[in-house]
Amino acid sequence: MSIQDEVISTIEKAEKKSSGIPKKLSVLPLRDIVIYPNMIFPVLIGRANSLKAVAESVERDKFIFVSAQTDSSVDEPGLDDIYSNGSIAKIIQILRLPNNLLKVLVEGVMQGRIKKKLKTVDFLEAEIEKVNIKYDAEDIELKALIRKSGDLFSNYVKSNHHLPPDIIGAYDNIDNPLRKLYYAASNIHAKVMQKQIILDQTDLKTQYFELSGLIASELNLLQLEEEIGSKVHDSIQKTQKKYFIQEQIRALQKELGDEEDDSPELSAIRAAIQKADMPEHALAKAMEEFDRLKKTPTMSPEFSVNRTFLEILSSLPWHQKSQDILDIRNVKRILDEDHYNLEKPKERILEFIAVINLSGALRKQILCFVGPPGVGKTSLAKSIARALGRKFVRFSLGGVRDEAEIRGHRRTYIGAMPGKIIQSMKKAGTVNPVILLDEIDKMSMDFRGDPSSALLEVLDPEQNIAFNDHYLEVDYDLSNVMFITTANVRYDIPLPLQDRMEIIELSSYLDPDKLEIAKRHILPRIKTDLGLDDLNIQIEDSAILKIIREYTREAGVRNMEREMSSVLRKLAKEIVDEAYSKEALNEDYQEQDHHVQDNIKKLFKKKNIVIDESKIEQYLKAPRFKNKKEDLDAKVGVATGLAWTSVGGDILPIEVTFMPGAEKLTLTGKLGDVMKESASAGLSYIRSNYAELNIEENFNKKKEIHIHIPEGAIPKDGPSAGITMAIALISAAVNKPIRGDLAMTGEITLRGNILPIGGLKEKLLAAKRHGIKTVIIPHDNVRDIEDFKDEIKSGLEIISVSHIKEAIPHVFLKSDDSPAIKSKTAKRTRPK
């Protein structure tokens with residue numbers, strides 16, 4: 001038998017029982033409702049303990065105690081989860097519903113309070129104390145409260161459109177003050193916690209006072225909602241009225257043949273279009289869009305889209321041009337002021353100025369500065385703009401993967417805007433600015449398009465005379481713009497883009513270059529930034545070189561600038577500490593209205609402050625880098641290669657060992673595919689030419705060959721270590737040591753030929769930095785050496801080879817049993 005059947009059966013058996021209210025009653029928790037006495041309310045019951053409570057109440061003359069839950073989210077409430085004050089109610093009717101639910105109609109009888117909680121298993125039960133509300137019907141204060149509450153309740157019903165007006169009449173027909181209270185409270189739409197306050201009171205006047213406050217609070221909310229609704233309605237009506245009037249004005253103007261619009265907003269746009277001095281095709285597009293704007297309602301989203309388009313179109317520079325500075329001597333002076341060395345890019349800019357002097361105009365001026373970080377690519381572009389007297393705009397292409405970033409979004413998209421190129425032109429305000437496209441080698445592509453393909457039109461002098469942005473949909477002339485791009489790695493620039501640019505490589509700085517840059521540019525700037533420019537501070541050249549060689553390892557000067565800034569900050573702290581420790585400063589500062597900076601400068605102005613090498617180590621602590629000159633001993637199976645990285649050159653020791661095992665080649669050190677293939681090519685050459693190399697025929701039989709390149713956490717790739725790995729393999733095979741003061745670089749083929757490589761300047765600098773005396777390079781790279789400064793080549797013996805056989809006589813220590821190879825004589829470049 002289900003719980004529903006039990007309840008119905010119990011009802012039938014309890015018809016003849018007494019109608020008195022028992023002391024012990026089952027308790028029915030209520031969710032989000034408060035039931036008052038004399039109130040009839042249907043309750044939907046589905047919880048098992050509530051069903052049992054209803055069944056138990058039927059045996060007690062259908063009386064049950066109802067009270068609201070303190071937290072309606074509790075699914076299985078206990079007596080601690082409900083309010084102790086509630087109503088004693090009587091079950092009038094029970095209806096069975098699907099899904100094991102009961103609909104119980106209850107009528108509140110009187111107020112009650114939980115006196116004692118009883119422990120039951122299946123339902124809630126408690127001893128209930130009856131709360132009898134006593135009052136004097138002739139009490140004047142009570143009558144006043146009743147009248148005040150009645151007026152408020154009447155206004156509340158009139159303001160609340162969810163309540164029927166008949167409620168006011170029903171309220172007025174009730175004579176009993178207590179029933180009036182419960183009737184009014186039951187019809188207020190308020191939170192359970194607020195309505196529960198009335199049941200918590202036992203004095204009728206207090207209950208009416210709480211009722212008046214509750215009604216007044218809800219009435220204020222209703223009035224506020226009505227005011228907000230009225231304002232919204234008035235705003236809509238006002239907008240509609242404005243729209244109708246504007247349409248009537250347009251109709252009258254059209255009837256009179258007067259198409260002019262006197263709207264201040266449209267007049268301002270028309271004036272901006274006329275002032276922009278656009279070419280004919282752009283002006284025709286602008287007027288077409290303007291005519292469409294006049295016919296578009298201001299409430300329409302199209303109105304703001306068209307207005308923004310016209311504002312952008314009219315704000316672009318169409319003919320405004322800055323005057324170029326054509327004095328070639330002045331341009332040279334500015335470039336020399338801003339940058340030390342960098343002769344090749346400076347020479348190219350001076351050539352550009354010279355051609356402008358002769359021809360009056362120049363196109364096809366797209367330069368690409370390629371070099372490691374910190375060598376001055378971006379600052380050089382700024383200096384070029386300053387030297388020419390042109391506006392300068394920069395934007396970075398690093399991480400750009402959407403074609404729309406270059407060409408713009410079509411106006412059909414929400415939030416559409418022009419691309420970076422048109423935005424830069426708007427920002428510059430002239431048709432001939434210098435635009436820097438930074439980090440052009442760091443673009444990428446995805447499903448939204450390839451931005452490098454969009455740049456083809458921008459950087460092609462034959463096409464950018466009519467650049468078409470998707471947002472503007474009109475041709476824009478970019479031929480007067482001087483585009484400059486920068487990149488760290490040339491090979492990461494797409495080949496079609498490389499074909500449209502003049503590549504100017506900015507290589508790593510030499511130590512003497514860094515020293516001059518520090519003295520001419522970096523130190524004065526740091527002193528000014530730190531407020532030390534008025535003090536006599538000298539940093540010895542040896543101290544600067546110590547920072548360069550032992551605290552930084554870079555191609556540029558950024559880290560050097562950070563370290564020098566750190567040194568001067570620590571010096572500034574020492575100066576201020578010493579100044580405050582002197583009584584003279586304290587007395588001057590107390591007695592006179594001077595700034596503390598002025599007092600410090602007075603104390604130290606005549607004092608010479610010298611920073612030497614010892615101070616550098618005191619400020620910066622232990623050196624971070626040590627030259628690896630202790631690794632220059634001759635070793636078997638260890639050859640020194642030269643590597644190029646995006647931050648400069650470095651040495652690359654390669655270790656080879658033969659050990660018993662399976663005949664295989666093991667490569668470790670996080671090598672890339674190209675480097676692995678170079679190792680395989682070198683080994684194949686040795687196995688094919690073992691006799692000429694004076695190596696045993698089965699040198700690798702039942703042996704595993706292991707090639708390892710240290711610093712295994714750093715990825716390495718490229719073909720230039722091919723000759724180094726081959727020489728290390730030969731050394732391990734014949735068990736002869738390789739000179740430790742010799743390094744080499746070059747790509748090897750299966751025939752043993754040595755092919756040219758890149759980054760030779762950085763590699764030679766790395767060799768000098770690590771104490772290398774002799775360097776073997778590919779013969780085809782000899783032409784590169786001719787352009788190098790003497791400072792790079794001095795102290796190095798450079799040997800060029802075209803075949804590995806030419807290198808072998810130079811790499812091994814001289815002995816009678818060294819590999820005897822008949823080879824052509826390698827060409828030497830003696831140190832100066």
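**Group meeting: cores, a parallel sheet and a left-handed crossover**

Start with Met-564. Beyond its neighbours within four places in sequence, Met-564 is in contact with Ala-518, Ile-522, Leu-523, Ile-526, Ile-544 and Ile-547. Contact here means heavy atoms within 4.5 Å.

A word on the source. This is a predicted model: local features need pLDDT of at least 70, side-chain atom pairs count only at pLDDT 80 or more, and totals for chains, interfaces and linings use all residues. Residues are numbered from 1 along each chain as its sequence is written, and side-chain values use heavy atoms, with hydrogens and water left out.

Back to Met-564. The largest nonpolar core has 54 residues, and Ile-384, Met-482, Met-564 and Leu-568 touch the most other members. Such a core is a set of buried Ala, Val, Leu, Ile, Met, Phe, Trp, Tyr and Cys residues joined through side-chain atoms within 4.5 Å. Buried means under 20% relative accessible area, with a 1.4 Å probe and protein chains only. Which helix gives the most to this core? Helix H20, residues 558-580, with 7 residues. A second, separate core has 49 residues, including Phe-290, Cys-368, Tyr-471 and Ala-487.

Phe-290 takes us to helix H9. Helices are DSSP runs of H or I, at least four residues; strands are runs of E, at least two; both are numbered from the N terminus. In H9, Phe-290 is buried, and so are Ala-282, Lys-285, Ala-286, Glu-289, Leu-293 and Lys-294. H9 covers residues 280-295, and its end C-alpha atoms are 23 Å apart, which agrees with the 22 Å that 16 residues should span at 1.5 Å a residue. That expected span is 1.5 Å times one less than the number of residues.

Now the sheet. It is open, with 5 strands in the order S8-S9-S12-S7-S13, and the pairing is parallel. Two strands pair if DSSP finds at least two bridges between them. S8 (392-396) and S13 (502-505) are the edges; each has a single partner strand, so one side of each is left without a neighbour in the sheet. Inside the order, 4 bridges join S9 (residues 434-438) to S12 (residues 482-487). Ile-435 stands opposite Phe-483 in S12.

Last, S19 and S20. These strands, residues 665-668 and 703-708, run parallel, joined by 4 bridges. Thr-668 has His-708 as its bridge partner in S20. With helix H24, residues 673-688, the two strands make a left-handed β-α-β unit. For reference, a crossover is right-handed if, with the strands pointing away from the viewer, the path from the first strand over the helix to the second runs clockwise.

Definitions and conventions
Buried means under 20% relative accessible area, exposed over 50%, partly exposed in between (1.4 Å probe, protein chains only).
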